[in-house]
Amino acid sequence: MALYKEMTTHMIGVGGYLPERVLSNDELSTMVATSDEWIRERTGICQRHIIAKDQYTSDLGAEAAKQALQDAGLTIDDIDAIVVATTTPDLIFPSTASIVQHKLGGKDFPAWDIQAVCSGFVYGLAQVDGMMRGGMFNRVLLIGAESMSRILDWQDRSTCVLFGDGAGAVVLEARESDPNHEGGMIGSVLHCDGSYRNLLMAKHSHPGAVPGEDAANLYIDSAGVAAVEMKGNEVFRVAVTKLGEVVGEVLDKYGIKQSEIDWLVPHQANIRILQATAKKLKMNQDRMAVTVDRHANTSSASVPLALNHIYREGKLKLGQLLLFEAFGGGFAWGANLVRWSKD
Ligand code: COA
């Protein structure tokens, strides 16, 4: 009988990338009927970054990955797999992960995308952790990368003010579990309820690609691509409820008290949603990673970008307990627990 070693997944490198162009609320107010005051009050957003004309999601992902590799002291040759969580792939196929692999100079190892919209990174972390515990990979690049600005209707003030572009990445390493050395991924919980699918979506831009749907119903914006449609206040209500539930669930599942959490690293959709989750956990806001004010909602990139932010500020200390959570289209939502093991 084969003997398997018990493995634990560790985060050994963190990186992020934001495109140069910053779009402020004031500038946005010249494009659509909104105001800096309304956006700040209702969402906490002050500005967002916008991808350049000649950039793609894979470019953002590759830049974030380079920084994460450098942080880990590794090169692409040390990597066994690349997983990219994205809602805004460069192409329908091939995967953005395969393009990122090529841009990083990698070859011959698996690369694939996952799609769980704003929960993509949290889903990806759960998936890769499971594979690494099972002994499938030693080192994986997990990236969340988005160019949300490409799937927005810039005439729709109820959605275009909310999103931004960017990418975050982590290098994950499987190490033999050591009972004397607590650290690394603890575990995850994931959920999806497709009955909510119509509250937040971007329909396909190709009329033939949505079987049975009347092509005239498809929203095609001026750029000829699909655009985000959302029933904002309904999404808000469900997000607050489900995130409150899922943080409780992941703590119960792994026998951890809420007072043990050092850092909440939430998906950055709306400051009021973040605050509601922090309140539920009885956590001070200074223990919560916040980037929504500067990045807006970068979908699957928001959690790794928030992690990168507190990491680069030197706030993470060895042994601290981090709770990641996210909620988005589907609805799909989830949470991960990680004990920080990087010096
Ligand atoms: N600027 C100015 N006014 C705006 C506006 C904007 N950008 N967007 C909407 N409004 C108006 C609406 O037209 C509405 O006007 P009315 O009362 O005259 O009809 C009013 O503001 C209130 O709209 P409402 O949608 O009820 O506001 P809200 O307080 O729910 O805030 C969101 C709207 C979108 C900010 C909020 O619902 C939200 O954050 N939802 C969750 C979004 C989310 O997280 N999505 C991604 C999940 S991953």
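Q: Where is A296 found?
A: A296 is in the loop between α9 (292-295) and α10 (302-312). Helices here are DSSP runs of H or I with at least four residues, strands are E runs of at least two, and both are numbered from the N terminus. This is a predicted model, where local features need pLDDT of at least 70 and side-chain atom pairs count only at pLDDT 80 or more, while totals for chains, interfaces and linings use all residues. Residues are numbered from 1 along each chain as its sequence is written, and side-chain values use heavy atoms, leaving out hydrogens and water.

Q: What's the phi of A296?
A: Positive, about 60°, although A296 is not a glycine.

Q: Buried or exposed?
A: A296 is buried, at 0% relative accessibility. Buried means under 20% relative accessible area, exposed over 50%, and partly exposed in between (1.4 Å probe, protein chains only).

Q: And what about D108?
A: D108 isn't a glycine either, yet its phi is positive, about 70°. D108 sits in the loop between α4 and β5 (111-114) and is exposed at 78%.

Q: Switching topic: which bond into P94 is cis?
A: The peptide bond from F93 to P94, with omega near 0°. P94 lies in the loop between β4 (81-85) and α4 (96-103). The G330 to F331 peptide bond is cis too, with omega near -10°.

Q: How many disulfides?
A: Zero in the whole structure, counting a disulfide as two cysteine sulfur atoms within 2.5 Å.
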